[in-house]
Structures are given as structure tokens and as C-alpha cells.
Amino acid sequence: MSEHIPVAGSTEDEFGVPVPGVVLPQEQWARTALKKMPDGVLDWAHLFGRNAARVIDIGCGNGRSMLVSALARPECDFLGVDILPVVIRYATRRANHRGLSNTRWAVIGGRELLLNHTAAGSISEVHCYHPQPWYRRDQVSRRLITPEFLSLVHRSLQPGGRFVLQTDHPLYWGYMLKILPHFFEWRELSGPWPEAPAGMTRRELIAVQRGLPIFRGEGRAKLDLDSERAMQLAESLPLPIFNADRRLLELDRLEQGMGLSAGGRRGVQRDRRNRRRR
Ligand SMILES: C[S@@+](CC[C@H](N)C(=O)[O-])C[C@H]1O[C@@H](n2cnc3c(N)ncnc32)[C@H](O)[C@@H]1O
């Protein structure tokens, strides 16, 4: 990706909606890339140089939701992860230019992050916006929201910690609503986000502008459920098997533009090819 140096004070928008924040003078830029996930549990205090509330955004895409939150809540530390290197490069660059030293961005799967690099009871909030429904039969096993994943979210959260989940996919939402209450005190949320009324994420902007419903909720990790019991429970609950509505596939194609340059779009395609080869 060629490094285009943006002008201080400049702003960007996606689909006519401003990307939060303003580009700062270069001397105020931050370094927010977490280039290599360390072996074992991630040491957040070392990474951020302080002890603060910890927030994770899983499948953060181009990072819009974390930019919104990190700007609004400088007292919290944020980690955004995604399996696509190119979107993490874009998110990192935007955060760097905005001087968001309370963010870090890493290429890693959400399940792997929680399973291998996250201490039990250490995270204040986990957010997940528009996990892919995956349409083809041979891709169903890639669906992120499974009972095991939810048990890992539960394990990672501090007692009573917050999990926020949002999708535009009715059948995926139907599945989520059946499983979530096993691990969280769950409640559905309605109406636009107070801090981002036009949409919290890129995918949400696209869906809202097409008049599609957004399904959103939040839950507190159940206090009377310990990790061992949560794991056992996960094994007894059904997997996310449903026929994805292929009419929503068009949104995926739109989204995969990512608000990227032609070079960025080529990067998305390259990342995908590399993943298929592995
Ligand atoms: C539909 S997009 C949504 C992106 C963003 N959250 C939004 O709402 O605009 C789903 C994102 O999840 C990422 N993703 C898919 N599977 C993942 C996994 N197992 N772990 C982390 N990210 C994943 C994809 O690369 C993609 O960027």
C-alpha cells in the first residue's frame, strides 16, 4: 500500500457520513499497529503503558466503530482485530493519523484471540458488529458466533462485563437470540446509536442506507456461570446452522470495497486468495 500523507485537519467520509476524527499534524500521530501477537496472554498494561478498562472489537473491518468509541472514551484502551490484513492496515493508519494512542490493531481471528491471548476475567467489553453469515454450505463452519465462541467471550469478560452484538442478518440474529441468554443477561436495543446516529460501522451504514433492519443487543456476562460450566454448556448447544439469505450477499460485495482505493481492493482480494491457499 503506498503511503499517502494526509493533510493535517483533513477529514474523510464513507457513503456521505464522516469518518470520526480529524487528521492531526504529523508530530502528533500515534503508532497503533500490533504487528505480531505475542505468544501467550497479551499484556495490556505493558502494551498501553497504563491500567485502564479494556475493550475488544472482533471483526473490526475498517475500524469505524472503534474510532467512534476510542475518540469518545479516551479513558479506555481498545484492541481491534480482524482476519483481513488489508482492513487492519487501513484501520491502523486512520487511528495513527488521529493520534489514538488508546487503540491497537492486530490481524488475528476472534476465537484465537480469546482462546490463546486473553486472560479470564480481564476484559471490560467485547464488541462484534456484523459477523459474516457466510453463505456457501462449505463455509458454514467459519461462522464466528458459536456456543464455544460465546463461552470464550463470557470467560474473557470481567464478572458482569459487557458484550455488544449487531447484525443485519435476520436468520443469524434468530440463532444468536437462542444462544446468547445462556451466557449473558441479554437485552435487545433499538434505535440509532446515540454516539453514531447514522451508523456505528461501515456495514451498518450500507445496510441502513438500503433500508434494511439492524438487529442489536447487549448483555452482561452471567455471574452465576463459571468458565468450566460455560464450556460444558457450549458443547450441548446447537451450532449456527441456517440457510443464509443470499439476497444479502450483494451487501458483502459493496462492503468489500471497504472505502479503499483500487490498490486497497486488490489487497482484499490478495488476502482472501492467501487465506484460501492456507
Ligand atoms: C461483515 S464484515 C463487518 C466489519 C465491521 N465490523 C462492520 O460492521 O463494518 C465482517 C468482518 O469480520 C472479519 N472476520 C471474519 N471472520 C473473522 C474471525 N473469525 N475473526 C475476526 N474477524 C473475522 C472479516 O474479515 C470482516 O472484516
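Which residues of helix α2 are buried? They are Arg64, Ser65, Met66, Leu67, Ser69 and Ala70, where buried means that 20 or more other C-beta atoms, placed from the backbone, lie within 10 Å of a residue's own (12 or fewer: exposed; in between: partly exposed). The structure shown is a predicted model, in which local features need pLDDT of at least 70 and side-chain atom pairs count only at pLDDT 80 or more, while totals for chains, interfaces and linings use all residues. Residues are numbered from 1 along each chain as its sequence is written.

**View 1. Strand β3 and its partners.** β3 runs parallel to β4 (residues 76-82), joined by six bridges; strands count as paired if DSSP finds at least two bridges between them. The path from β3 to β4 goes through α2 (residues 64-72), and this β-α-β crossover is right-handed, meaning that the path from the first strand over the helix to the second runs clockwise when the strands point away from the viewer. β3 also pairs in the parallel sense with β6 (residues 123-129), over four bridges. Ile58 has a bridge partner in each neighbour: Val81 in β4 and Cys128 in β6.

**View 2. Surroundings of helix α2.** The buried residues of α2 pack against β3, β4, α3 (85-97), β5 (103-107), β6 and α7. Contact here means C-beta atoms, placed from the backbone, within 7 Å.

View 3. Gly59 is found in the loop between β3 and α2. Gly59 is buried, because 22 other C-beta atoms lie within 10 Å. Apart from neighbours within four places in sequence, Gly59 is in contact with Asp82, Gly110, Cys128, Pro131 and Leu144.

**View 4. The shell around the ligand.** The ligand is surrounded by 22 residues, and the closest are Gly59, Gly61, Tyr129, Thr201 and Arg203; a residue belongs here if its C-beta atom, placed from the backbone, lies within 6 Å of the ligand. β4, α4 (110-117) and α7 (202-209) are the elements giving two or more residues to this shell. The most come from α7, with three. By type, the shell has nine nonpolar, seven polar and six charged residues. In this count, Ala, Val, Leu, Ile, Met, Phe, Trp, Tyr, Cys and Pro are nonpolar, Asp, Glu, Lys and Arg are charged, and the others, Gly among them, are polar.

**View 5. Helix α7.** Six of the eight residues of α7 are buried, so this helix is largely enclosed by the rest of the structure. The buried ones are Arg202, Arg203, Glu204, Leu205, Ile206 and Ala207. They pack against several elements, including β1 (13-14), β7 (157-167) and α9 (249-256). After α7 comes Gly211, with a positive phi near 75 degrees.

**View 6. Two loop residues with positive phi.** Phe15, in the loop between β1 and β2, is not a glycine, yet its phi is positive, about 50 degrees. Phe15 counts as partly exposed, because it has 13 C-beta neighbours inside 10 Å. Trp134 lies in the loop between β6 and α5 (147-156), and its phi is also positive, near 50 degrees. Trp134 is partly exposed, with 17 other C-beta atoms within 10 Å.

Conventions:
Contact = placed C-beta atoms within 7 Å.
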